[in-house]
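User: I have a model open and would like to go through a few local features. Can we start with a helix?
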Amino acid sequence: MQTKLSKLYLKSISIAIIISSFLFSCGDKTNSQNNSEYTSNQTMTDTLTPPMALKVPQKLEQHGQTRIDNYYWLRDDSRTNPKMLAYLEAENDYTTKSLAHTDELQEKIYKEIRGRIKEDDASVPYKYQNYWYYTRYEEGKEYPIYARKKGSLEAAEEILLNGNERAEGNDFYSGRIKVSEGENMMAFVEDTTGRRQYTVRFKNLATGEILAETIRNVEPSLVWANDNKTLFYVKKDPETLRSHQVWSHTLGTNPEEDKLVYEEKDESYYTYIGKSKSKKYVMIYLSSTLNTEVHLIDADKPSSKPTVFLEREEKHEYSIAHKDDYFYVVTNWEAQNFRLMKVKVGEQNDKSKWEEVIPHRQDVLLEDIDMFSDFMVLSERKEGLLNLRVRNQKDNSEHYIEFDDPAYMAYTAQNIEFDTKMLRFGYTSMTTPNSVYDYDMETKEKELKKQQEIVGGYDASNFVSERVYATAKDGTKIPISLVYKKGTKKDGKNPLVVYGYGSYGASMDAYFSVARLSLLERGFVYSIVHIRGGEEMGRQWYEDGKLLKKKNTFEDFIACTEFLQKEGFGSPETTFAIGGSAGGLLVGAVMNMRPDLYKGVLAAVPFVDVVTTMLDESIPLTTNEFDEWGNPKNKEYYDYMMSYSPYDNVIAQDYPNILVTTGLHDSQVQYWEPAKWVAKLRDIKTDNNKLYFKTNMDAGHGGASGRFEAIKETALEYAFMLDLVGKTE
């Protein structure tokens with residue numbers, strides 16, 4: 001790990017983009033019996049009356065104030081309460097039956113999206129030591145196959161892990177691999193619930209044998225020491241899921257005898273591990289929202305005690321890379337937008353000995369560096385766009401890789417080899433399918449290794465991408481990335497999607513989506529709004545959209561919507577707001593503030609019960625996020641958070657049509673947040689608009705795990721919107 005830690009890890013969103021009176025007796029009943037208790041004046045089956053949740057008033061007191069939460073009972077940490085499960089199933093049944101008239105449309109969209117995907121696809125192979133590694137898919141199969149070839153791409157294939165075989169018998173599956181430095185052993189992690197609590201297993205690549213050694217409840221990131229037998233991993237707290245302990249395991253030994261290497265006891269910090277590209281160090285990253293501390297272990301001496309690189313300091317974030325006798329440090333020490341420093345190995349604890357390599361700039365955010373033997377590549381963000389800056393360390397000459405689109409996404413890819421002049425990077429835009437390039441940093445020549453194939457053909461010239469700016473309430477200019485079909489009239493009649501996130505300093509770049517073509521071909525305009533709370537325009541952009549400035553995020557979204565409607569890209573009768581996770585909080589707050597601007601709202605795994613969650617430190621992620629939202633045990637933050645929390649601000653007014661989705665096993669945003677929110681909306685809202693709630697009973701924060709199962713969820717969301725604007729043919 002040599003990068004600045006991404007806050008997307010916390011309450012992340014998947015880019016792809018879920019009750020007045022629930023009547024039951026106090027006796028024990030089966031799930032099927034409980035389903036029959038969801039009633040209003042008529043049975044749901046006959047009239048599609050929505051399930052109505054029982055009100056069980058729960059007093060929640062803080063700062064001398066009392067809140068009444070009628071749906072607190074829906075929380076069940078074990079996820080086994082029969083009445084709660086019956087409620088979720090009843091909501092699923094209601095959604096399925098209510099949208100049954102769109103079944104044909106959903107199937108059409110599903111086949112359309114799947115039909116554009118090259119099913120027997122493979123990643124671009126990358127070379128590491130003696131092998132070429134790659135991931136491939138087989139036609140009709142849901143999960144990836146990890147494979148490699150020795151010496152040459154013409155050599156025989158060796159399958160390392162077949163996700164399809166490992167997933168058999170499970171409704172959810174996620175797996176990753178980590179090959180040892182000797183390339184003869186492999187550790188792999190698997191999650192079969194979506195809860196992000198992985199299990200580690202080992203495979204002897206020489207014999208194909210899967211060893212009996214098993215380690216449970218870990219993070220997916222693994223690091224091998226250079227001795228080819230020691231594996232470092234991170235354990236989670238079983239209740240809060242906070243990654244807090246680093247352990248080492250020696251192959252051939254009982255995992256119960258594993259050694260605790262480091263334990264982080266400050267509950268506002270999470271623990272991550274990585275390895276320097278130089279292979280010299282195992283790195284332990286300790287990260288809170290605003291602070292970082294790194295510990296180092298000599299990868300040649302895995303039993304040695306970790307040493308601290310630089311002790312944590314208030315509001316100091318840094319990440320490091322190693323080359324020869326120096327550490328290179330991306331740091332915000334006296335540099336809000338970060339700068340690059342270097343320091344001799346052994347002198348890093350004395351900041352007076354740090355030398356500046358790249359100075360701080362007011363208009364450029366330094367996000368990351370990739371270190372090579374003779375080159376360094378800096379990922380820099382300026383005016384909302386990511387630039388790749390290549391510096392030759394032999395003569396300090398430098399240049400930028402040029403990109404043409406008005407809005408795009410660029411990123412460095414698998415650059416594992418240290419002694420090379422080739423940089424691998426990825427590029428995409430709202431009209432350019434994802435593309436992987438190899439770039440000669442010396443000659444500046446680039447070779448397109450692969451561009452995402454769109455089965456059936458795709459012509460980028462049929463679509464238009466724009467970058468425009470809206471003016472926020474306080475006069476700030478907010479960038480917007482747009483894509484739509486060529487020839488689209490700006491007459492206000494177009495269906496318009498406004499997508500945003502705006503939290504954790506996560507920048508939402510303009511990217512290509514195969515699925516999105518199904519909307520664009522039907523006349524939709526799709527926008528990504530780069531609102532404050534992200535870091536698109538630099539670190540201050542983030543600072544101005546968090547804590548006691550969080551409402552800027554919502555006001556920016558509203559301003560962007562009003563601008564797009566004024567410019568004729570849509571109207572209140574055709575506009576949809578979409579957000580997931582913290583973006584679900586965004587659209588939830590926005591529809592409380594300005595429900596009149598939207599025809600519909602889609603909220604995926606939405607973080608909507610902000611105050612209650614942030615008061616409960618037993619819930620995953622809470623303690624790490626006080627610097628993002630504030631600690632409501634402080635009255636100033638409590639009052640401010642109460643003023644925008646979507647759940648606490650539902651009022652008797654007309655709301656747009658709403659589709660809410662969640663996963664029962666979500667580890668980031670607990671399922672009961674959207675469940676409670678939907679229940680309260682059903683009880684209080686004054687309109688007759690649609691309100692649908694869909695829970696994936698087998699998944700977590702990212703939704704369905706299979707690549708085709710996930711398309712079904714997208715098809716449901718698209719059909720919901722298309723049905724509302726009458727584009728069902």
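User: What should helix α14 span, and how far apart are its end C-alpha atoms?
Analyst: This is a predicted model, where local features need pLDDT of at least 70, side-chain atom pairs count only at pLDDT 80 or more, and totals for chains, interfaces and linings use all residues. Residues are numbered from 1 along each chain as its sequence is written, and side-chain values use heavy atoms, leaving out hydrogens and water. Helix α14 has 16 residues, 709-724, and should span 22 Å at 1.5 Å a residue; its end C-alpha atoms are 24 Å apart, which agrees. The expected span is 1.5 Å times one less than the number of residues, and helices are DSSP runs (H or I, at least four residues; strands are E, at least two), numbered from the N terminus.
User: What follows α14?
Analyst: Gly 726, with a positive phi near 75°.
User: New topic. Is Phe 338 buried or exposed?
Analyst: Phe 338 counts as buried because its relative accessibility is 1%. Buried means under 20% relative accessible area, exposed over 50%, partly exposed in between (1.4 Å probe, protein chains only). Phe 338 is in the loop between β20 (326-331) and β21 (339-344), and its phi is positive, near 75°.
User: And Lys 315, buried or exposed?
Analyst: Lys 315 counts as exposed, at 55%. Its phi is also positive, about 60°, although Lys 315 is not a glycine.
User: Which ring has the charged end of Arg 114 over it?
Analyst: The ring of Phe 708, with the charged end 3.7 Å from the ring centre. The rule needs NZ of Lys or CZ of Arg within 6 Å of the centre and within 35 degrees of the ring normal.
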